[in-house]
Amino acid sequence: MTSVETAARSYRVLLERLPVRRIILVILSLVIAYGVIAGTVATLQTGRFTAEDWVDLFVAGVARGSVYAIIALGYTLVYGILFIINFAHGEVFMSGTFTAFFVAHALADQGLLNTYPVPALILLFVVSALVSMSIAVILERVAYRPLRGAPRLVPLITAIGASLFLQYTFRGFYGAQAKAYPNIDILQGNVPVAGFTIQRAQILVVAGAIILWLALYLVIERTRIGRAMRAVGEDREIAALMGIDVDRTIVSTFAIGGALAGAAGILFVQLFNSVFFFMGFFPGIKAFTAAVLGGIGSITGAALGGLVLGILEAVGPILFLTGIGVPSPNQLQPVVSFGILVLVLIFRPGGILGAPEEKRA
Amino acid sequence: MRRLPRYVRVGLLGGFIIIYLTAVGMIAAFHERNIITGVVQFSVVLMTLVYMAAGYLAARAPKGGSPPLRPTRDALIAGAVGGVLVGVFVILMTVLADAGYTPRDMFIAITPATLDILSFDQGTYLSLPVQAVLGAVLGLAGGYLSTATPNVRSTVTRAISATLIGALGAPLFSVMMAGLGIPSRWLFRSEGLTIVGTVFVVGVTLLLRWYLLRAGGVRNALDRVPGVTRKNVNVVTWAVVGVVLAVLPWIVNTFVSDVLGTVGLYILLGLGLNIVVGYAGLLDLGYVAFYAVGAYSVAVLTARSSFLVGADVTNLAPDGFMNFWVAIPLTIVIAVIIGVLIGAPVLRLRGDYLAIVTLGFGEIIRTLVLSDWLKPYLGGPQGITEIPSVPVGPFNARDPRILYYLILGFVLVSYFVSTRLKYARIGRAWAAMREDEDVAEGMGISVIKYKILAFVMGAAVGCLGGAFFAAKLSVANPGSFTLLVSINVLAVVVLGGMGSIPGVVVGSLVLVGLPELLREFGEFRLHIYGIILVAIMVFKPEGLFPDARRARELRGEATVKEPVPALAGAAE
Amino acid sequence: MKKKRNLGFLALLAVLSLVIAACAPGEAETPAECEADEFGCVEVAGGEAIKIGSLLVITGPNSSLGLDSQYGVELALDYWGADEFDGEPGELLGHPLELVAEDDGCSAEGGTAGANSLAADEQVVAVIGTSCSSAALGVADTIFSDRGIAIVSPSNTGPALTTEENHKEFYLRTAHNDSIQGAAVANFAYTELGLRSAATIHDGSPYADGLQQVFADVFTELGGTITKQEAIQVGDTDFNPVLTDIAADAPEFLYFPIFVAEGGLITQQARAIDGLADTVLAGSDGMFTPDWIAAAGADNANGVYISGPDLASFSGDVDFYTGGFIPAYTDAYGEPQSVFHAHAWDATNMILAAIEEVAIEVGDTLFIPRTGLKDALFATSNFPGITGNLTCNPLGDCQPSATIAVVTVENGEFTEAVYSELGTLGG
């Protein structure tokens, strides 16, 4: 071996030992951290926004985060049991909400929406949840069940196909135009809470989300079907050996996730009262992000992830970017939220509440 | 539902499918599309196929069950049940409309005109018997096919498919025939086959079929020709493929050449992503990031509206900053740097976490090129215009045909490199890592290093694709770099068969070429795309052209029944 | 034996192809104009249809815009020659008119594919398109100009398309140039309403971005202050952060020339922001549809100003428009979803008139010189359309002066124009 070769070799060894990844990681986190802190300080120094502005934004973030959280539950439930990303879940959310629009419209035409707001709202929840639930169950039957045991990318592609299929199906059914959900009068306007004014719709949304989350929690922890779901998620074969009907359990999981998505849709339209065939796409992706952020597979994680993401989206761009003179900071919202997601995952690869290093064959 | 006899369930399903097609507007829209001009419309063909399928299935043995005792009766009933359902639907809708509950207020496609199509203009109440009889007859036909000998069955299906392919491809074929100087009016008219044309297509199919049956298959037929051996058949096949690829743009028109260029681009992208997803097993949902980086790098470096030469959209410079061929290596360097920057921090993540993070990077890049923040450099919503075409000597590369050859060249190179990589040391390391990361690590493979390597190679190829895309369009616009591109490329890879190089080619042809050629289906393009995606994945989860080893794994090692397709250079 | 059968099969194919070849029609003599024309002639044989292409957005989220224009084209082809809407394609010089509809996908790649598809059909005489500027600028306009096919856009309003630097030889448009509309809105806000500070929001589409930029430039020139130019993402639903940010400067005027879905939500959410209580809201033709009022809610939409081409000053044939065109449109396709069907109608008629002018009849064969057709289109002067009298300038703007109206919303319905301005390009 010549000396040149030895030198080259030791150089290579050195190169291999050099923790390039670590270095990049540290630099990256420092840059992001610096940006966030400097931006925040600079923004606050401008005094451009009042305390009330921040509270308003925060509350709006919590409200939209609650909706993300409930949709995210659908991702998390399915992932927890089948380990697939149900990419079409956003469309499940859309299907119920869009269909319930026609009920809401009919009710509004009859004046029933404002004379009997509570029964009307409950009816909307039921219709939306039922439709979404049926779509989710059909989806499982047609697109996912034949693919159990296939590599994980395969159901992902069917999910994407199903997602397009559902979007265009509902576009074919109900048309391409955005439609406005009729407003419910008692949900309009603000109420004073602790010196600040909060919109009534936001209160309904947050309260509704809490109820839905609690209901799901109880189902998972306290009921037979919940136990079956946890067992199948743990080990499908052993669960089957223990006498659990795996197929039924999986269908129930999709049904519950779908119903939650449909219900979340009714909350969603109280905040943003327009529906159209493409409306499920972005909330779907955001809810998925929320589920991963919180730690996919964990229903507490989904709730936490949704809230964090919602608040981050509402407050983040203005807080971090205004101060450093970036024009149109809100346009860069995906940069901020995905940037933070990356940062979180670098330090906690399993999400905020996930296992630190999840292993899965 | 489960209590109902199977043939009733199948029939009901068929009926529901027709109602579905009506409600999404396909029946009405496809009623304008001729299959046999003036005689049969595509809408009617759709109904026919559904009823026949119902009859066919009803007469078959269910999965894991015994065949029905009276298949003909079952098929007949299945078709009739479907027809009755459709008829009832038409009547119900009309009654509702008469009662003041216009179905159109909710389902926009259920119009009186559409219902007339379903009743074949016989009026609302006659629609029930009309559809029932139609369903019964066609169901019977389907049932007959189901019980017929394989020979008859395949002959009939081939004749039907040939007619459909001929009619649906009519615009393309007539253009190709015009390119070859053959008149086509006797064959095609108003985008459908003429009656003469139908007879011709069916006739040729039957003749070919009859001839091949007599000869006992293509191979046998060839074998009997003296002087022909398997080996020189292969040589001749490849030679023919080569010649076809070489002269293709001159047979088809510029539009088809343009589509072929787009398909080529997607093959390039697919080959790149195949390294990341297929070889290394990293789930990347943000491949568009590199596509965008490539396009924008070339745009900024070569465009006449680039800030580098002090210009913008409305104030052009006489020349770009540099020549395309100089910009390409620079673009690849940029891609490598960005690939490492993105890859290094996140590649430790597993599976779905990596998916969402890469998706995030795709969105971040798209947002950045769109943003007001970088508008002075990247043009914001207006993008960058006046990107010169690829300079290739005396030729005008704005011509889709010249571009086709350029892209074909790069595809061939990438194809070759991809194949070599797969069976090289590095490819084997990827395979080990993909199968089991921990074991691979234990075997002394530096998992992170190989992951980054795969990611960066994918990035470089993606950038190359983006560079050609920008030069092809002559503009770089943020609207071109959406999540849908990432999804498309991933679908190309998975649908073709993960890790399979020919699979990428097949996947691109099916997912990119077909939808472009089927542009006339307009608003239903993505709808049909979704259906195809689901159908192929459900019926062929290993992909259309699977990698031999992957396919074996999927079916389970012990049960290799089908012969493994011979891959060029498959020396494992 | 085997060989013989092979030969037999081949012979059969050969005979068939001979039969096919025998069916080829004879050719008419080519007139001298075609030899002289750089791009030659379109040759329409006796009984054959004259093909007119359209390249409009008919898929995706923006499809209602493109379909509306396409219906305008279809009606124009129907009406021509017959002077009535009979559902049958009209005839020009004894040849039926046929539409070849393509999709511009509202994107550069969609424009490329669609334009190549149309350009590949040698029978396509001229094209109505595109819907979206991003499908035209440097893409469709270039492809068609390279092949000598005239393209007339009914709804590209982006100023860049007809600048000295970017304009392509065969490109024209009947849509107004947004330099006129943006200026009109600025004048309205500054002079008519007497407001001195304004903010804008665009949605990342070239249309909205271009329009708000013209507005901002003119408003500043007039002496006003632009407090903030913000941007949002299409598909987003929560605009509280953007609006809070804008409200911090308390502008008197907020201009967001975007589309129905986001425009409705912004209108609605702006009403709930305290800092914007006194701010005048305004949008443009992207929101000039009852859908937007429905999306925003009538209460919220009341008092918002919307600008657009002035339908009332459609000087041409108002009676025909409201009494003939609109009923025929509604009959065939339901309620119109935008106003650009009128521009599409005018574009189609302009093209048909030009074809009639330049076409050369030899026997029953029609020869249409391509460059000649383009020249005739650019020479269009005082052509009576429903959007007004069209006169094309050398850069392809066929509405070098256009009347922009501003309407407002009262009780959930659009009012008559509250302001109307005749703007001229280059002024």
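What separates the centres of domain 1 of chain B and domain 2 of chain B, taken over C-alpha atoms? The answer is 47 Å. The domains in question are domain 1 (6–147) and domain 2 (249–484) of chain B, with bounds that come from an automatic or database domain assignment.

Before going on, some housekeeping. This is a predicted model, where local features need pLDDT of at least 70, side-chain atom pairs count only at pLDDT 80 or more, and totals for chains, interfaces and linings use all residues. Residues are numbered from 1 along each chain as its sequence is written, while chains are lettered from A and ligands numbered from 1 in the order in which they are written.

**Where chain A meets its partners**

Chain A touches both chain B and chain C. Here, a contact is a pair of residues whose C-beta atoms, placed from the backbone, lie within 7 Å. Ala, Val, Leu, Ile, Met, Phe, Trp, Tyr, Cys and Pro count as nonpolar, Asp, Glu, Lys and Arg as charged, and the others, Gly among them, as polar.

| Pair | Residues in contact | Classes on the chain A side |
|---|---|---|
| A and B | 48 residues of chain A, 47 residues of chain B | 35 nonpolar, 8 polar, 5 charged residues |
| A and C | 26 residues of chain A, 26 residues of chain C | 14 nonpolar, 8 polar, 4 charged residues |

Facing chain B, helix 2 (20–46), helix 7 (153–174), helix 12 (281–294) and helix 14 (333–347) of chain A each supply at least two residues. Helix 7 of chain A gives the most, with 14 residues. Facing chain C, the helices of chain A that each supply at least two residues are helix 3 (51–82), helix 12 and helix 13 (299–321). There, helix 3 of chain A gives the most, with 5 residues. Helices (H or I, at least four residues) and strands (E, at least two) are DSSP runs, numbered from the N terminus.

Chain C is assigned domain 1 (41–176 + 314–400) and domain 2 (179–312 + 405–424). Their C-alpha centres lie 30 Å apart, and 12 residues of domain 1 are in contact with 14 residues of domain 2. On the domain 1 side, those residues divide into 4 nonpolar, 8 polar and no charged.

Chain C also has an open sheet of 6 strands, ordered 3-4-2-5-6-7 with mixed pairing. Strands pair if DSSP finds at least two bridges between them. At the edges sit strand 3 (91–92) and strand 7 (171–173) of chain C, each pairing on one side only. Strand 2 (residues 50–56) and strand 5 (residues 124–129) of chain C are parallel, with 5 bridges, and G53(C) stands opposite V127(C) in strand 5. Helix 3 (residues 63–79) of chain C packs on this sheet, touching strand 2, strand 4 (95–103) and strand 5, and its direction makes about 165 degrees with that of strand 2 of chain C. Such angles run from 0 to 180 degrees between N-to-C directions, with axes fitted as lines to C-alpha atoms, for helices over the stretch in contact.

**A hairpin in chain A**

In chain A, strand 2 (residues 190–193) and strand 3 (residues 196–199) run antiparallel, joined by 4 bridges. V191(A) has I198(A) as its bridge partner. The hairpin has 2 residues between the strands, and A194(A) takes a positive phi near 50 degrees.

How values were computed:
Two residues are in contact if their C-beta atoms, placed from the backbone, lie within 7 Å.
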